[in-house]
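Subject: Structure handover

Hello,

Here is the structure for you to look through. My notes on what was found follow below.

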Amino acid sequence: MDKQTFLDNFGHLNCPRKTYLCYEVELLVGENSIPLDEYKGFLHNKGADMGLERCHAEPIFLERMASWNLDTELRYRITVFISWSPCPDCADELVKFLRENRHVNLRIFAARIYDYLQGYEAGLRALKAAGTDVAMMTFQEFEYCWKNFVDHQQDEDKPFPSWDNLVVRSEELSQRLAGILQNREE
């Protein structure tokens, strides 16, 4: 994706209406993991603003994953970096996928918590209960995405352009998520 799209959608400075999802798949072999670059990329939700039926990023990703036909005899780790945490319905879809695909481990790093729909806390807890590692993106994940998913060929050596209060905001969101996952009231 281009630099500005990443900064606009993953940064804490605004609340974009789109959800971007970056993903990568690794084959797990014993204690090692092998990146599968053919299963690496990004996508975003489709919205009514584009004249299409509204569809969140997670169902689009699940559909893409189904087309890969990952070998059920092997083990995989899928890491997702997403600009908004899954809504309750998307969390349910991901949990269903994980129950049906025990050969897949899922890690989700979110830039912000999608708290606009009732039940979002239960959805995040259900993901954790299904074995998903759910965490907020920290400087390390933002920088990783910048290096691995953002097109900056002209200035490859330019470091990730962190924004004001990124570390503080990430820590606040991490503490908030920890409270949700421990079933505490916010």
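Start with how the chain holds together. Residues 24 or more positions apart account for 72% of the contacts with a separation of 6 or more. Contact here means heavy atoms within 4.5 Å.

Two points on the source. This is a predicted model, in which local features need pLDDT of at least 70, side-chain atom pairs count only at pLDDT 80 or more, and totals for chains, interfaces and linings use all residues. Residues are numbered from 1 along each chain as its sequence is written, and side-chain values use heavy atoms, with hydrogens and water left out.

Overall build

The chain has six helices and five strands. From the N terminus, the order is α-β-β-α-β-α-β-α-β-α-α. Helices (H or I, at least four residues) and strands (E, at least two) are DSSP runs, numbered from the N terminus.

The radius of gyration is 16 Å, which agrees with the value near 16 Å for a compact globule of 186 residues. That radius is taken over C-alpha atoms, and the globule rule is 2.2 Å times the number of residues to the power 0.38. Along the principal axes, the C-alpha atoms fill a box of roughly 45 × 45 × 40 Å.

Of the 186 residues, 45% count as buried. Buried means under 20% relative accessible area, exposed means over 50%, and partly exposed is in between (1.4 Å probe, protein chains only). The accessible surface comes to about 10,500 Å². Carbon and sulfur atoms make up 46% of that surface. These areas come from the Shrake-Rupley method with a 1.4 Å probe; for residues, only the protein chains shown count as cover.

The chain carries 21 positive and 31 negative charges, and their mean positions are 3 Å apart. Lys and Arg count as positive, Asp and Glu as negative; His and the chain ends are not counted. Each charge is placed at NZ of Lys, CZ of Arg, CG of Asp or CD of Glu.

Helix 1 covers residues 3-10, and its buried residues are Thr5, Phe6, Asn9 and Phe10. They fall within an arc of 100° seen down the axis, so they line one face of helix 1. The arc is that of the directions from the helix axis to the C-beta atoms. The buried residues of helix 1 pack against strand 1 (20-29), strand 3 (75-82) and helix 5 (139-149).

Helix 4 spans residues 120-129, with Tyr120, Gly123, Leu124 and Leu127 buried. These cover an arc of only 95° around the axis, which puts them on the same side of helix 4. Their packing partners are helix 3 (88-100), strand 4 (104-110), strand 5 (133-136) and helix 6 (166-181). Just after helix 4, Gly131 takes a positive phi of about 100°.

Val80 lies in strand 3. Val80 is buried, at 4% relative accessibility. Leaving out residues up to four places away in sequence, Val80 touches Leu21, Cys22, Tyr23, Phe61, Leu106, Arg107, Ile108 and Phe109.

Arg112 sits in the loop between strand 4 and helix 4. Is Arg112 buried or exposed? Arg112 is buried, with a relative accessible area of 5%. Setting aside neighbours within four places in sequence, its contacts include Asn9, Phe10, Gly11, His12, Trp84, Met136 and Leu173. Its C-alpha atom is 13 Å from that of Val167, 55 residues apart along the chain.

Two asparagines with positive phi

Most residues other than glycine have a negative phi. Asn69 has a positive phi of about 50° although it is not a glycine. Asn69 lies in the loop between helix 2 (57-68) and strand 3. Asn69 is exposed, with a relative accessible area of 64%.

Asn165 has a positive phi of about 65°, and it is not a glycine either. Its place is in the loop between helix 5 and helix 6. Asn165 counts as exposed, at 56% relative accessibility.

Best wishes
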